[in-house]
Amino acid sequence: MTQVQGNAAPDSAGPGDRTSLGRLIGAGLILVGLVLLALGAYLGPYTYATATPGKLTVDTCTVDYKYRSSTSSSSRKKTKTRWCYGTFTSTDGSVKDLNAELKSDALHQRGYVIEAIKTGDTSYKLDHGWVGAIAVGCAWFFGALISLAIGTFGAVTGFISGGASAQGLFRTCLVLVGVGVVGLVVSLLVVFFV
């Protein structure tokens, strides 16, 4: 009797290869989580703390309509953005811009005063106060928590759960993901309603 021996198929990955790939994906998710944390700190509290508060006195408001195609060729979605133009004056009087523009939540009449912040040379935002800035930072933080929890589980176990310690880590990471989802939803609601 003749036995034929051969190597395993070259594309079949062994358990060690899958664990290594899972750990690599986990490390990538941890890196994504750290980037999200940095973005949250920058876009939330840091941007608000370094912005110049003031008021924009409206000269005119317009609506900008844009059409974008969806996945089907026949449907096009129309988005509208409200822009208000006028004079921005900082609270301390040090900055005055006669050609300020900001994305607004409503169309306002001439002379209406909008609480605004200057975040760059020519960029302005509605002033939602510290509550809005912290809510934006928290939304990014809770999004990062989800990525960090999944990434930690992947980096430690390679996404292969076996043994009591892996099960305990899985439950801990699952709780952290749940906290992240709830926190993200609550933060986004605060951002939306502030």
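Modeller: K55 is partly exposed, with a relative accessible area of 39%, where partly exposed lies between buried (under 20% relative accessible area) and exposed (over 50%), worked out with a 1.4 Å probe on protein chains only. This is a predicted model, in which local features need pLDDT of at least 70 and side-chain atom pairs count only at pLDDT 80 or more, while totals for chains, interfaces and linings use all residues. Residues are numbered from 1 along each chain as its sequence is written, and side-chain values use heavy atoms, with hydrogens and water left out.

The partner of K55 is E115, and their side chains meet in a salt bridge of 2.4 Å from N to O. K55 belongs to strand β1 (residues 52-69) and E115 to strand β4 (residues 113-118), so this pair ties together parts that are 60 residues apart in sequence. E115 is partly exposed too, at 39% relative accessible area. A salt bridge here means a side-chain nitrogen of Lys or Arg within 4 Å of a carboxyl oxygen of Asp or Glu, and by this rule the count comes to one. The strands themselves are DSSP runs of E with at least two residues, helices are runs of H or I with at least four, and both are numbered from the N terminus.

The largest nonpolar core has 12 residues, among them L56, V58, C61, C84, F88 and Y124; a nonpolar core is a set of buried Ala, Val, Leu, Ile, Met, Phe, Trp, Tyr and Cys residues joined through side-chain atoms within 4.5 Å. Two or more residues of this core come from each of β1, β2, β3 (96-104), β4 and β5, and the largest share, three residues, is that of β1. C61 touches W83, C84, L107 and H108 when residues up to four places away in sequence are not counted, contact being heavy atoms within 4.5 Å.

F88 and Y124 form a tilted pair, with 4.9 Å from centre to centre and 50 degrees between the planes. Since F88 lies in strand β2 (residues 76-90) and Y124 in strand β5 (residues 124-126), the pair ties together parts that are 36 residues apart in sequence. F88 is buried at 0% relative accessibility, and Y124 is buried at 7%.

The buried residues of α3, which are A166, C173, V177, G180, G183 and S187, pack against α2 (129-157). Helix α3 (residues 164-193) has 30 residues, which at 1.5 Å a residue should span 44 Å, and its end C-alpha atoms are 44 Å apart, in agreement; the expected span is 1.5 Å times one less than the number of residues. Just after α2, G158 takes a positive phi of about 70 degrees. Finally, F153, F159 and F170 form one aromatic cluster.

How values were computed:
Phe/Tyr/Trp six-rings, centres within 6.5 Å; stacked < 30°, edge-to-face > 60°.
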